Amino acid sequence: MERRRKVFVAQPVPETVEAYIRNHCECEVWKGPERIPRETLFSRIRDKEGVLLAGVRVDGEFLEQAPQLRVVSNVSVGYNNFDLAAMKARGVAGTNTSGVLDDTVADLAMGLLLAAARRIPELDRHVKEGLWQQGDDEILFGKQVHHATLGILGMGRIGEALARRARFGFDMEVLYHNRNRKPEVEKALGVRYAGFGELLARSDYVVLLAPLTPSTRGMMDESAFRSMKSDSIFLNVSRGETVKEEALVQALQKGWIRGAGLDVYGREPVSRENPLLGLDNCVTLPHIGSAVAGTREDMAMLAARSMVAVLQGRDPGTIVT
Ligand code: DGY
């Protein structure tokens, strides 16, 4: 008979997901609602072989607390919270939720682009504050979206889903920059590869979707923003640390670019003192890329299935370490 492995679920998950895990494992669940304190987490993982979590740093200190650990399952597609070298050295597998949130995050990216282009949050405030007057005309103008050029930095699955929306929904020209070229995607979607500099210089909209890695950390710096068109809009739906925030603030204040739309920040939740929050030409969202109930349930279930598979000696197809 299969030995029941001990696992810890470090955040609330839908009942269906908890039931699935309990079917296969002996399981403890942190029910929240507040985030589990690191010390509490450490005290709960000592005898566990699997942990399911999101946004928690999994480093040498974490691994030391869990001598039995074999798998950490991330309920997110980004896995910059994993210290890959430390996990590899300990032989602990890490998994992510690639594949079940692509369309949801791409929807959000397109929404953020439209919101920033047509100034939707700013003009919503204009109406609600009673400022809309007869004769308001040019002061309500936004930037054209259809037939404009979209530059996608990071052409993974979410990038492809966004390119599809932009090409076939909005007739946009799409450029992409990626670690490797994707001829089959170029052919299927009619998109074109561009060097980083060319993409920045030619795009009306630049969307950052690349994962946070040592080579993408801070990639959008002063020189990157200075090389964008002065009428262009920058969007970040990846990780905040890919952007030098002080440079973005300058770009928005000094008119190096027209506007921005952000779902992510260097520090989250973003502090009220962050100057980006005081800029009308910057749309700010609270990291909601995948925040739709059905998608979050799919992500939690995929993470649970991945954890169980690794513990049963099967390859879940989601291992990133
Ligand atoms: C992820 O899953 O990494 C994204 O940030 C979703 O919002």
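This is a predicted model: local features need pLDDT of at least 70, side-chain atom pairs count only at pLDDT 80 or more; totals for chains, interfaces and linings use all residues.
Residues are numbered from 1 along each chain as its sequence is written. Local features need pLDDT of at least 70 and side-chain atom pairs count only at pLDDT 80 or more, while totals for chains, interfaces and linings use all residues.

**Exercise 1.** Work out how helix α5 packs on helix α7.

*Solution.* 
- Start with the geometry: α5 (residues 102–117) and α7 (residues 157–170) pack at about 55°, their axes 8 Å apart. Axes here are lines fitted to C-alpha atoms over the stretch in contact, with angles running from 0 to 180 degrees between N-to-C directions.
- So α5 is oblique to α7 (under 35 degrees is roughly parallel, over 145 roughly antiparallel, 65 to 115 roughly perpendicular, the rest oblique).
- Next, pick out the contact residues (C-beta atoms, placed from the backbone, within 7 Å). From α5 come Asp 102, Asp 103, Val 105, Ala 106, Ala 109 and Met 110; from α7, Arg 157, Ile 158, Ala 161, Leu 162 and Arg 165.
- Sort them: 7 are nonpolar, none polar and 4 charged (Ala, Val, Leu, Ile, Met, Phe, Trp, Tyr, Cys and Pro are nonpolar; Asp, Glu, Lys and Arg charged; the others, Gly among them, polar).

**Exercise 2.** Check the radius of gyration of the protein against that of a compact globule.

*Solution.* 
- For 321 residues, a compact globule would come out near 20 Å; the protein has 22 Å, so the two agree. The radius is taken over C-alpha atoms, and the rule is 2.2 Å times the number of residues to the power 0.38.

How values were computed:
Helices (H or I, at least four residues) and strands (E, at least two) are DSSP runs, numbered from the N terminus. Two residues are in contact if their C-beta atoms, placed from the backbone, lie within 7 Å.
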